[in-house]
Each structure stands twice: as C-alpha cells, then as structure tokens.
Amino acid sequence: MDNIIGIAYPEWRELRKEVKEDIDPEKRPFAGRLNRMSLWTSWRARGERRMFQDAVEKTALPDPVFILGHWRSGTTLFHNMLALDEQFAYPRIYQVSNPHAFLRLPIERIMEQRAKADATRKRPMDNVEFDLQSAAEDEFATCPMSIRSHMISWSFFRQEPFYERFLTFKDAPKEDYERWLKSFIWFLKKVVFKYNGAQPLLKSPQHTARVGLLLRQFPNAKFIHIHRNPYVVFRSTQRLYETGIMPHGFQNPPGADFVVGGILRRYKEMHDAFFEDRKLIPAGNYTEIAFEDLEQDMTGAVARAYEAVGLAGWAQLEPKLKMFVESQKDYQKNKHPQIEESLRQRIYSSWSRAFEAFGYPA
C-alpha cells in the first residue's frame with residue numbers, strides 16, 4: 001500500500017474498478033483504510049489547488065539531474081550523497097507520500113515538524129536509515145497521481161501484465177503516457193516551486209527505462225547511471241520483494257515463479273530500453289559509475305561524476321560529503337545466500353547483455 005498511499009479518491013475509485021475489485025478478503029481492511037485516507041487526500045488537494053495552482057503553473061522547470069539504475073544498484077546511496085548539495089531541489093519522503101497537498105499550510109508545517117521529530121527508521125530490505133525528510137523517489141508520487149505506473153502491480157500482483165506496460169510506455173497507449181507525464185510535470189513543478197526554482201535532482205529506477213521520453217521534455221538534462229554486479233542486484237531485489245513489496249499488496253502472489261520471473265523480465269526490459277536510448281543523450285550530459293567503485297571511494301566517485309557531466313558546486317559539497325562518508329563507516333550490508341547454479345545460469349542467460357556492457361564476469 002505504501003506505493004499508493006497518497007492516492008486521491010477519484011483515482012482510488014477508478015483503480016478499484018480497473019482491477020475489478022480484485023482484493024483478497026484478508027486485505028480488505030487495508031483497502032477500507034486507504035478509502036478513508038483517499039477522501040481526506042481529495043479534500044486537502046482541493047484546498048492546495050485553490051492556494052497554489054497559479055503559482056505552480058507559472059513555475060519554470062530547469063533541466064533535472066537524473067540518477068539512473070535498477071533497484072538495489074546503489075542509487076539510493078548516490079541520491080542521498082548528492083542531496084547534500086544545496087543547489088538541488090529533491091522530493092522528500094513526506095512529499096511523495098502526500099503528492100496532492102504537501103504545499104498547503106498548515107499541513108506543510110505539520111508534516112515538516114513531524115518529519116523533524118520522527119524517529120529515524122531502517123528500511124527492511126537494506127537497513128538504510130531514513131526519516132520523513134529523506135530524499136525519495138518521485139515515482140512514489142506520480143504512481144498514485146496518475147495510476148499509470150508499473151508500481152501499481154506492487155499492490156495488485158495478478159494485474160501485473162497490464163501495469164508493467166508503464167515501465168517503458170513503449171507498448172502503452174499514448175493517452176496513458178500523457179497522463180503519467182502530466183502528473184510528473186505537475187509534481188516536479190511543485191517541488192521546484194517549494195525550493196525557489198532550484199535544479200531538480202531525481203532518482204527513480206523507472207527513469208532508467210524512459211531516457212528517450214525524458215529527453216523529449218528535458219533535452220539538456222544530466223544523467224548519472226549506477227550499475228552493480230547483476231547477481232548481487234538479483235538477490236537484493238528478491239529481498240526487496242520479500243520484505244518491502246509482497247507484505248503490502250492487496251492480493252496474494254499468483255504463482256511460485258512470480259517474484260523470480262518478474263525480476264528477470266523487468267531487468268531485461270529496463271536495460272533493453274536503456275541501451276537503446278542511452279545513445280540519444282548529448283555528449284557531456286551522461287556518465288556511468290560502478291557501485292563497486294563508489295563503495296571503494298565515495299568522495300572520489302562523486303567528484304568524478306560532477307566533472308563528467310559539468311556540475312558546479314563541488315567545493316561546497318565536498319566537506320559535507322566527507323562528513324557523510326564518515327557517518328557511514330559502521331554501516332553493515334545485508335548478506336545474501338549464494339545463488340544456486342541453475343538460477344545463476346537463468347540470470348546470465350536473461351541478462352547477458354548487461355553483464356557484457358558493464359563488464360561483469362558470468
């Protein structure tokens with residue numbers, strides 16, 4: 001439910017109709033709770049529109065910096081490091097959880113105070129600490145706003161084939177893409193408006209599969225891609241599903257191979273789209289980082305990325321970054337069980353293009 005927690009009532013009603021009310025009996029109390037929350041969200045959204053619509057519509061959007069990479073590739077770590085740079089506007093967790101009304105006073109002040117007072121928690125999939133002010137993925141906002149996101153399938157597993165079209169939008173109707181784009185631009189304008197026109201810093205794994213679409217809107221955007229050993233990515237993504245996605249759906253998983261097959265399919269689809277679109281990025285606006293290099297020298301990796309895509313502000317960021325790196329020295333990564341040989345072969349067979357492109361051994 002976390003991925004659609006900010007949904008307004010009209011979209012929640014439409015979504016329930018779209019999935020034909022296919023909610024398992026034991027999950028219906030959660031659906032009832034979301035129904036009540038969506039009504040409150042709609043009421044707050046109307047108030048925010050009255051107060052801020054004109055100002056947000058007039059907000060100019062600078063070309064963003066996009067952090068690309070599959071889930072569990074190190075994109076969150078890199079996002080958190082670049083978010084220390086005050087020249088950027090980036091979405092916070094409390095904003096993507098309240099995409100319709102985070103500007104509205106006094107709601108905004110209440111949420112910011114709660115964010116500051118909220119105890120730091122740890123994500124179940126990787127033990128990374130976060131609070132409501134932490135940098136967040138914009139897809140968590142555009143998913144409930146547009147209901148045209150592959151992440152809807154994180155709530156409705158049996159409808160996965162329908163919603164997976166919205167990972168790349170290549171096989172989706174034009175009106176579905178335009179609906180997502182409208183929500184994306186509106187949310188982005190709100191974030192930039194709140195932070196006084198600063199350059200957006202965005203990280204959502206889905207953007208890795210949409211580079212061509214993003215370039216249509218932002219031809220001078222910067223792209224920093226993080227890649228990681230695919231075997232590690234697979235096992236870590238599997239843990240993400242087991243701890244962070246499957247417990248929160250409105251349906252039970254439809255089959256034994258649902259998680260494994262889905263991870264294999266989406267990774268390949270995402271990277272096929274990425275390899276096709278990467279060549280469209282203008283020279284000087286793209287760079288690539290191996291997570292293994294980032295892990296060995298965080299400060300150096302960020303410095304090289306800033307230089308590669310021509311970002312200013314390194315002198316101001318460097319001392320903050322060194323403090324952040326020092327704070328991470330006791331962080332312990334999860335340890336995953338070894339991958340059995342038959343599955344390892346299946347992974348390599350499906351992802352061989354990525355193995356070769358990123359230089360990882362089979």
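Colleague: How much space lies in the largest cavity of this structure?
Modeller: This is a predicted model, where local features need pLDDT of at least 70, side-chain atom pairs count only at pLDDT 80 or more, and totals for chains, interfaces and linings use all residues. Residues are numbered from 1 along each chain as its sequence is written, and side-chain values use heavy atoms, without hydrogens and water. A cavity is a set of points, on a 1 Å grid over the protein atoms alone, where a 1.4 Å probe fits but cannot get out. With volume taken as the space filled by probe spheres set on points joined across faces, edges and corners, the largest cavity holds about 50 Å³.

Colleague: Which helix gives the most to its lining?
Modeller: Lining residues have an atom within 4 Å of a point, and here they are His-70, Trp-71, His-150, Trp-154, Thr-237, Leu-240, Tyr-241, Ile-263 and Arg-266. Helices (DSSP runs of H or I, at least four residues) are numbered from the N terminus; H10 (230-245) and H11 (258-278) each supply at least two of the residues. The top contributor, with three residues, is H10.

Colleague: How many residues of that lining are nonpolar?
Modeller: Ala, Val, Leu, Ile, Met, Phe, Trp, Tyr, Cys and Pro count as nonpolar, Asp, Glu, Lys and Arg as charged, and the others, Gly among them, as polar. The lining of the largest cavity has one charged residue, three polar and, as nonpolar, five.

Colleague: Which strand gives the largest share of the lining of the second largest cavity?
Modeller: That cavity, of about 30 Å³, is lined by residues including His-225, Ile-226, His-227 and His-271. Strands are DSSP runs of E, at least two residues, and both H11 and strand S6 (222-227) supply at least two lining residues. The largest share, three residues, comes from S6.

Methods: 1 Å grid on protein atoms, 1.4 Å probe; cavity = no way out; pocket = protein on both sides within 12 Å on 5 of 7 lines; lining within 4 Å.
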